[in-house]
Amino acid sequence: MSLHLTPGQQALLDADLRQRQRALTQELQDQMGSQNRVEHAREQLQQEVDGEQAHQADREVDLARSDQLLLELSQVNDALQRVHAPDFGQCSDCGGAIAFDRLRLNPAATRCIGCQAKIERPSRASSL
């Protein structure tokens with residue numbers, strides 16, 4: 001069992017992750033059909049349309065969106081593998097507990113709020 005999550009909380013997070021997995025899979029299916037990422041990108045690049053510049057922007061947005069969906073699906077799948085592990089909900093950086101509220105919002109989170117903020121905060125050295 002996790003250091004701070006009850007079995008009920010783990011079950012709730014598992015259900016949240018499975019629901020998000022289904023939603024992401026459906027969204028990818030709607031966007032790419034039965035194609036994989038490479039086939040979808042090739043099809044997007046081969047389409048010839050009047051107004052090529054506008055179409056190029058649409059292709060870039062479409063490909064960026066599919067990349068983002070694939071990344072999120074990978075993170076959700078990884079979290080599903082860990083959700084019942086003893087260290088699920090433990091910060092990968094400091095080892096402290098990740099707040100349950102944070103995990104409810106983002107069950108794939110691997111860092112506590114403090115450690116995540118340190119990563120996202122621009123370093124002082126780079127601004128000098």
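What volume does the largest pocket have? The answer is about 310 Å³, a volume being the space filled by probe spheres set on grid points joined across faces, edges and corners. Keep in mind that this is a predicted model, where local features need pLDDT of at least 70, side-chain atom pairs count only at pLDDT 80 or more, and totals for chains, interfaces and linings use all residues. Residues are numbered from 1 along each chain as its sequence is written, and side-chain values use heavy atoms, with hydrogens and water left out.

**The pocket**
- A pocket here is an open set of points on a 1 Å grid over the protein atoms alone, where a 1.4 Å probe fits, with protein on both sides within 12 Å along at least five of seven lines; lining residues have an atom within 4 Å of a point.
- Of the 18 residues lining the largest pocket, Q75, N106, P107, A108 and A109 lie nearest its centre.
- Helix α3 (52-82) gives the largest share of that lining, five residues, while α1 and α4 (100-105) each supply at least two.

**Helix α1**
- Helices are DSSP runs of H or I, at least four residues, numbered from the N terminus.
- Helix α1 covers residues 7-32 and reaches 37 Å from first C-alpha to last, close to the expected 38 Å, which is 1.5 Å times one less than its number of residues.
- Just after α1, G33 takes a positive phi of about 65°.
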